[in-house]
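Biologist: I am new to this structure. Please walk me through how to read its features, one at a time.

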Amino acid sequence: MPPSLNVLLRSRSLKLRLVVPDLGASQLEEPVSWVHSSDLEDPTPFLDAGQLLLTDGTQFPVDAAGGTTATQADAGQRSPEVPYGRRYEEYVRRLVDRGIVGLGFATQVIHGTLPPGLEEACRNHGLPLLEVPDRTPFIAIIRMVADYLAKEEHARAEWSLQAQRAISRAALRPDGLTSILGELERQLHTWVALYDAAGNYVRMPRNRPVPSDIAAEMAERVRSALDLGTRSASHLNIKGQSVTLQTLGRKGSLRGALVLGAIEPLDPARADIVNTVIGLASLALEQARTLDTARRHLRAGVFEQLLAGSTDVALRTARQVWGQLPREPLVVTASRQESPAPNLLEALELLADDYRGAVFYALRDELLVILAGKVHQDKVLELLQRHGAVAGVSSEVNMEGLAGAVEEATRALRRAAEVGSVVVVFSELSDGGMLGLLREEKAGPVARGLLQPLIAHDEAEHTELLGTVREWFANNCVWDLTARRLGVHRHTLRNRIDAAGRILGLNLDSMRDRLELFAAVQFMDE
């Protein structure tokens, strides 16, 4: 940190005297970024926030009556109409608005003593005022601050070098990632948290936990950042605590997030340390990506063995790698991977690890297939929904019925995509039963082909036989009700229905032919 006003006041060689405020005030601990001297009426265009301003008061009246020196009058630095007290008020207000941390006023140069109006204005606006004695040159104050800043810079560079070495040594330990994060906590004196690709908090041994009062909201913020799928760094304020969040991994395939606890904005040295840790953590996570890819190929092979009926071989392989396969009866969930949600596969891998193989997934071309027992199915659906994935779910089956369950889940998935639903269960397909299956099998073209003769007759003869058939089925084939709805006689309705049957080659007194026409009318617009 740069030196504070208190540091300058404690220097015996400078002999500065504090005028405003009283000793112990918090303003005196504000860091001084640099020292600037100016006698301008308005020096603020040449100043930066955090600086200490020194002046000998040439710009102010010398006597208490408000007169000006000849030099000031000739230069036209001030309009004589401005009242004496207001000039000090405006001068100090401008300094405070600019963010100046203090004003040093040299006495026994132009002014014998501090102007009372200046002291009053500094007290009113809360600007620290220091008296600089005539034997203390401004350059001595400037040099002291410069030496202090140089010493701090050297110390910071030395700290950065030692911290980098400590981080590098931590990376060589067997528990590299854990040691790296622990060392980062020690160097920055704050908590450091790692989240996996699914946004779950990874508890590191010996590391400080995330404060309980912000843990839930912190997890939500991390998941939101990961769902974007892009590398990002953000500074957040959560319940009054400042945290820094950095996602890890590559665009479209993030591996997790690193969160730094409540600390002030990072200076360059600490930022370098954090960037080093981010690089090492990203490298460690990327090295695991190759292993994940190999595991997914292995999963696909095990799944094909299950489909082929080689259950024993698949079970032996799964037992060695994952511990087990889902217990029967199981549920199959299907989801398309045409536009995969960011980190969905990583989240599934973590879910499978959490339950030691009781959840299993595999990729078949663009189809993501997930096997789980009923007890874990809710976790699967919750994860898919959180990643915005559309899913189809099969009925419960044993391993022998896996191929049929995959077909059921795929049909349910197609229906979910058609109706814009998030999840569709096969047993609850739209309209249920056989009509649901017919709709899934794209019965529309067949229906239009069957009804084409009737459509052509209506167009050629300007009749409305198809509309009459629709209304008849809509009224459950009740003659009187349909006739009233159409505004025709009952016998006229009967003649139209018979004519429709003759044109289509159907006997509508037969239940079979009547059902076939009913189905065709239902699906002709599919």
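**Salt bridges and a helix**

Modeller: The structure holds 15 salt bridges. A salt bridge is a side-chain nitrogen of Lys or Arg within 4 Å of a carboxyl oxygen of Asp or Glu. This is a predicted model: local features need pLDDT of at least 70, side-chain atom pairs count only at pLDDT 80 or more, and totals for chains, interfaces and linings use all residues. Residues are numbered from 1 along each chain as its sequence is written, and side-chain values use heavy atoms, leaving out hydrogens and water.

Biologist: Which residue forms a salt bridge with E131?

Modeller: R17 does, with the closest N and O atoms 2.5 Å apart. The pair links distant parts of the chain, 114 residues apart: E131 sits in strand β5 (residues 129–132) and R17 in strand β1 (residues 17–20). Strands (E, at least two residues) and helices (H or I, at least four) are DSSP runs, numbered from the N terminus.

Biologist: Is E131 buried or exposed?

Modeller: Buried means under 20% relative accessible area, exposed over 50%, partly exposed in between (1.4 Å probe, protein chains only). E131 has 17%, so E131 is buried. R17 has 43%, so R17 is partly exposed.

Biologist: What separates R123 and E119 in helix α4?

Modeller: An α-helix has 3.6 residues a turn, so residues three or four places apart point the same way. R123 and E119 are four residues apart in helix α4 (residues 116–125), so about one helical turn separates them. They form a salt bridge, and their closest N and O atoms are 3.5 Å apart.

Biologist: Now helix α7. How far apart are its end C-alpha atoms?

Modeller: The expected span of a helix is 1.5 Å times one less than its number of residues. Helix α7 (residues 215–228) has 14 residues, so it should span 20 Å; its end C-alpha atoms are 21 Å apart, which agrees.

Biologist: Which residues of α7 are buried?

Modeller: They are M218, A219, V222, R223, A225 and L226. These residues cover an arc of only 165° around the axis, so they lie on the same side of α7. The arc is that of the directions from the helix axis to the C-beta atoms. The face turned away from the buried side carries the exposed residues A216 and L228.

Biologist: What covers the buried residues of α7?

Modeller: The cover includes β6 (192–196), β8 (233–238), β9 (241–250), β10 (253–260) and α11 (374–386). Just after α7, G229 takes a positive phi of about 75°.

Notes: Contact = heavy atoms within 4.5 Å.
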